[in-house]
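I opened the notebook to look up a few things in one structure. The entries follow in the order in which I made them.

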Amino acid sequence: MIRIINPITDFFTQALLQLRIWKRIYPGIMHFLIFWGVTIQVIGTAINLMQMALFTPFAIENFPRSGWYHFYEFTMDLAGVFILIGVGMAFYRRLVMKPKTLGYSWDDWYALILLTLLPLAGFTTEAMRLIVVDPPWAGYSFAGSVFAGLYRLLGVKPESAVGWQQTFVIIHIFLGVTFVASIPFTKLRHLVFAPLNIIRHPRRAIGALEKVEDIEETELLGVGKITEFSSQQLLSFDACLRCGRCEEVCPCTNSGMSYSPRLLITALHGAMLRSLISPSGNGDASEDGVVAIPEFVGETYNEHDLWSCTTCGACLTRCPAFVRPPEQVVDLRRYQVLMMGNMPKSVGDTLRNMERQGNPWGMPPENRLNWAEGLDVRELAPGDEADVLLFVGCAAAFDERNKKVVQSFVRLLNKASVDFGVLGFDEACCGETARRMGHEYIFQVMAEQNIEIFNQIHFQRIVTACPHCFNTLKNEYPQMGGDYEVMHYSEMLSELISNGKLVTSKSANLQMANGKLAYHDSCYLGRYNDIYKAPREILDKAGTNRVELSRKGENSFCCGGGGGMMWMETDPNTRINNRRLQDALDARVDTVATACPYCLTMFDDAIRSKAVAEQIQVRDIVEVLEARISESDRITG
Amino acid sequence: MKQLPRRLIFIGLIVLGFAIIFATGRGQATTLPEGQPPNWDKISTLAGGPSETVSGENLAALPPPADRDPCLHCHIAGEIVTEWSPISRWLVFGAMGFAFIFGISRNFIVWRTRELWHFRWMYHLSRITAILFILQVITGVILVFLHSSTLEIIVQIPVVIKAIHWGSAVVLLIAALGLSLAGALLPWYQRPFWAMLFVTGVIGGALAIANLSFTYLYAEWHIPPPPSRLYAFHVLLIPIGIAGIMSIIFIMLRKRGETQ
């Protein structure tokens, strides 16, 4: 049932009401005016044509000649004015505002010019008719009357207006016919393909990548040539009209990298056009007439750009046509990694670490429980029972800075007397990094390993210390047959505070913490899993002087660590974490709070490379909370 | 290709459904005096003058009456119909529809097959021919049922049925003629030379086709004479023959594979 209802509701909310387009106000109004203007005109013209004996028996025999007719005239004129204002705004945007993120190709201008000439010719036709007949009800055709007044000033007489009317009717019809006929061949194709993609786009969670089924048997892994994309993906390339909303929010483009989701989809569409629809035939064809289809990455797309995307999902929340660039990136990476063995050295090193040591850090697996020394942590063995299974994750287990975070978290759990345990040496990496880097095989092996262990232990829910593990366990493990209740620690802590198990301020004397603090939304926690409130509640309960960064919530800016970029060698001039740190510096905060080990590391790196450690520090929300609680305990004794 | 028969039946059923709906309707082509100029004296008097009322309303205050204005925005002085009107309308709107459907279906096919369009589109010619033939059969059957051989009863045949029957026939005819002409002209000696002369003569008489279309689409089309040998050929023998050849082709295609 949901399979039917979801596409229908999406069609009404996204294709007709176009809620996503309204996320930007100027283009939102512009598109609203053009879309509804054209829609009303099309419906009105259909009503008009129904009076002709074209569609017997669907004919209107007695079209009202007064009353409703006036309303009809008024509405049609209003719609025409809508279009003119809309295209006016579009011209202003393209000629004066000139946003960099917009595509500027011939069919953008073609569509705009056609959409300007159509209503102009229509109003001129109407004006000529009004000049000839000059009825008192002309006021209802208000725009036509204005045009009629202009033409009268120019000296058009009723006698000559008859001929002009015939001419402009032909021009108007010709323009309308051209408009419809050019829909499939220009950017106007989004009129058909964008709603189609809105109906057909995959309904899995945006945090879940598509699984490669039967990975042992499949001969083709990932996508090397344009023909290897799925039908729905090819449809989505046709649905893209290069509006640049993805590029506006993309951390890579904003940091000066050459990757942009818009250019990627444009390149894919171009490859589809060249290879499938209109092969150039300039000697590509071999003797048997089969045109060789080029490899996409390398031959038509810059290999370097493939390894820039952080899979932060900012573009996913903006695209009005529901195109999913990060998924195409991962599909292309899969082919490069699994079929070609062609990847940057740092990616190869990380994947080798995961294969050999079972974690991307390349630390010996026997160090996995080092963080728990001196803490009261129960290691669960198969058959054990616990209320909460704490999935620590590689970052917290191997990274010195992040060990402190999970230690704080464990102390808080003990304080709240939560019945929890960890897997210890049995815990494998969740496989997220490998999957985002395109190595589906490592991911599936690790996921199977973890699910096997999970199934041997009796627990109510899993709590993870990392949004990446959280997203993978929650959204991707069900694909592998592991469906569990998964929580991020921020949800858990927020629950413990509201249950009264963790008391943040026993004394009314407790002062607000000094200095301003801002919470940085992790992409995998916020955008992918809609957890925005819980971390903020914790910080508010911890009595911090919390402010918001300029880019927050769904519009949050990536730290640059996702999608395997944590381990990549990057150009120091285009580092995303420096850009994000600047946001925090601009907000003049003293502390940035994060809820993700990657974000923490990336901020730390940025603070070090910019040498601003005296101005700003980065802490995990758990550390902030723990500090507050111990302060509170100290005061009340 | 495996699904072709089922798909053809499906398309046929849809067309049949529409055909039945259309068949229950009545043709209502507006017959108007050709290109009469408007009565300017009257219009200007009415526009400026105090009042000439028709059933209580000022005539000038109303839009032109329905029989003078079949398309409110296009025609001031009534619809002007020449013998070229129907064919030019079908050409303009048909070309638009064709371009639109061609473009959209091209992309659809490319997404679905993920094969080169360049080689795909030719496969569809046979399907198009088959669909046109089915259209012919369906609309033809309706026309046979609707028409009466007595001249006293004038049955109004829905214009759309006639238009579809006629239009698809023209496409089939041109396709067949074009192909056979191209084939016949390959060897260049006496017979193709005379054939060429003949064909140019036919094309020179294009106005006759326009006249025919006008008759079929708009005029009160009179019932053809009682069944003759020619009529029997037209509705029985030739279609059955074509269907036979087509089924042989389809059977061979299915047995021997789609394209080779």
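Is Lys211(A) buried, partly exposed or exposed? I looked it up: Lys211(A) is partly exposed, at 22% relative accessibility. For the words I used these cut-offs: buried is under 20% relative accessible area, exposed is over 50%, and partly exposed lies in between, with a 1.4 Å probe and protein chains only.

Entry on the source. I noted that this is a predicted model, in which local features need pLDDT of at least 70 and side-chain atom pairs count only at pLDDT 80 or more, while totals for chains, interfaces and linings use all residues. Residues are numbered from 1 along each chain as its sequence is written, chains are lettered from A and ligands numbered from 1 in the order in which they are written, and side-chain values use heavy atoms, with hydrogens and water left out.

Entry on Lys211(A). I found its side chain in a salt bridge with that of Glu213(A), at 3.6 Å from N to O. A salt bridge here is a side-chain nitrogen of Lys or Arg within 4 Å of a carboxyl oxygen of Asp or Glu. Glu213(A) is exposed, with a relative accessible area of 51%.

Entry on a second pair. Lys187(A) and Asp108(A) form a salt bridge of 3.0 Å, N to O. I saw that this pair links distant parts of the chain, 79 residues apart. Lys187(A) is in the loop between helix 6 (158–181) and helix 7 (190–200) of chain A, and Asp108(A) is in helix 4 (residues 106–133) of chain A. Helices are DSSP runs (H or I, at least four residues), and strands are E runs of at least two, numbered from the N terminus. Lys187(A) counts as buried at 14%, and Asp108(A) is buried at 1%.

Entry on a third pair. Asp540(A) and Arg546(A) form a salt bridge, with the closest N and O atoms 2.8 Å apart. Asp540(A) is partly exposed at 41%, and Arg546(A) is partly exposed at 23%.

Entry on chain A. I listed 25 helices and eight strands. Of the 637 residues in chain A, 57% are buried.

Entry on chain B. Its average pLDDT (the predictor's confidence in each residue, from 0 to 100) is 60, and 30% of the residues score at least 70. Where pLDDT is low, the predicted coordinates should not be read in detail.
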